Amino acid sequence: MNVLEDEVEDQWRWFKGCLGALDGTFIQIRVPFEYKPRYKTRKGEITTNVLGVCDKNLNFTYVLPGWEGSATDGRVLRDAIVRTNGLKIPEGNYYLCDGGYTNGNGFLSPYRGYRYWLRDWQGDNPPPRCREELFNMKHARARNVIERAFGLLKEHWGILRNSSWYSLKVHNRIISACCLMHNFIRREMEVDPLNIDMEEQVEYQHDNINVVESSQEWTTWRDELAQSMWNASLNN
């Protein structure tokens, strides 16, 4: 196993059963004037809110474009779960997601109210002060794959960085096509120069889950996982 594989393995070793990560991203579009209020984000941009799901190797495994920019990430995810050909998560598996999503069966989010992104605790960077901060740091390192996947996607395809004159329906198909080509590049190119640049910039048929809701059982499991991480750090 080479150094890179060692780093990937260490990044994910706490998250057994994890399939990857998911998040939403905004892509600018043009819509008829009467639709603009629905597609306007809090920053005033006219966009579609795209749900992206990727595996540990930055390949997109599910993409849902088309939702209005004003839609919350949680609402888009709930729609993806209930669609006939939507996002399928076998029981016992899950995805990492950020604090904007519910921590529940199939979706592991960070602790709210604690520092979320922490670099290695060296130099001027203080170490985690509790199990929740340590969990959030390790969670963020692993979940970063979806941010990198989105970054590569937009770097490769300029049409996703600016709004085009295509209709919304066509633009959604373009988004999906770009994701497919992204996967093709990941599969066929031994080295993607953009991926190297991004790594330097980055800080660091079963029963399926068909509902997105909070779960006390899931919260307890997260607490136990965080405690295991904390205990391991104290023993090192």
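Predicted model: local features only at pLDDT ≥ 70, side-chain atom pairs only at ≥ 80, totals over all residues.
View 1. Residues are numbered from 1 along each chain as its sequence is written, and side-chain values use heavy atoms, with hydrogens and water left out. Strands (E, at least two residues) and helices (H or I, at least four) are DSSP runs, numbered from the N terminus. Strands β1 (residues 18-28) and β4 (residues 94-96) run parallel and are joined by 3 bridges. Pairing of two strands requires at least two bridges found by DSSP. C18 faces Y94 of β4. On β2, the residue opposite A21 is C54.

**View 2. The open sheet has 5 strands.** Their order is β3-β2-β1-β4-β5, with mixed pairing. The edges are β3 (60-68) and β5 (107-108); each has a single partner strand, so one side of each lacks a neighbour in the sheet. Strands of a sheet pair through backbone hydrogen bonds, either parallel or antiparallel. β1 and β2 are antiparallel, with 8 bridges between them.

**View 3. β2 and β3 form a hairpin.** The two strands run antiparallel and share 6 bridges. Within this pairing, L51 stands opposite L64 of β3. The hairpin has 5 residues between its strands. In the turn, L58 has a positive phi of about 70°.

**View 4. β1 and β2 are largely enclosed by the rest of the structure.** Buried means under 20% relative accessible area, exposed over 50%, and partly exposed in between, with a 1.4 Å probe and protein chains only. In β1, 8 of the 11 residues are buried. In β2, 8 of the 8 residues are buried. Both faces of β2 are covered. T47, N49, L51 and V53 are buried on one side. T48, V50, G52 and C54 are buried on the other. In a regular strand the side chains alternate between the two faces of the sheet.

**View 5. Helices α4 and α5 lie across strands of the sheet.** Helix α4 (residues 131-156) lies across β1, β2 (47-54), β3, β4 and β5. It runs at about 50° to β1. Helix α5 (residues 168-188) lies across β1, β2 and β3, at about 160° to β3. Axes are lines fitted to C-alpha atoms, for helices over the stretch in contact; angles run from 0 to 180 degrees between N-to-C directions.

**View 6. The axes of α4 and α5 come within 10 Å.** They cross at roughly 105°. The two helices are therefore roughly perpendicular (65 to 115 degrees; under 35 is roughly parallel, over 145 roughly antiparallel, the rest oblique). A149, L152, L153 and H156 of α4 make the contact (heavy atoms within 4.5 Å) with C178, C179, H182, I185 and R186 of α5. The contact residues comprise 6 nonpolar, 2 polar and 1 charged. Ala, Val, Leu, Ile, Met, Phe, Trp, Tyr, Cys and Pro count as nonpolar, Asp, Glu, Lys and Arg as charged, and the others, Gly among them, as polar.

**View 7. α4 also meets helix α7 (residues 216-235).** Their axes come within 8 Å and cross at roughly 95°. α4 and α7 are therefore roughly perpendicular. From α4, the contact takes R131, L134, F135 and K138. From α7, it takes R222, D223, L225, A226, Q227, M229, W230 and S233. By class, there are 6 nonpolar, 2 polar and 4 charged residues.
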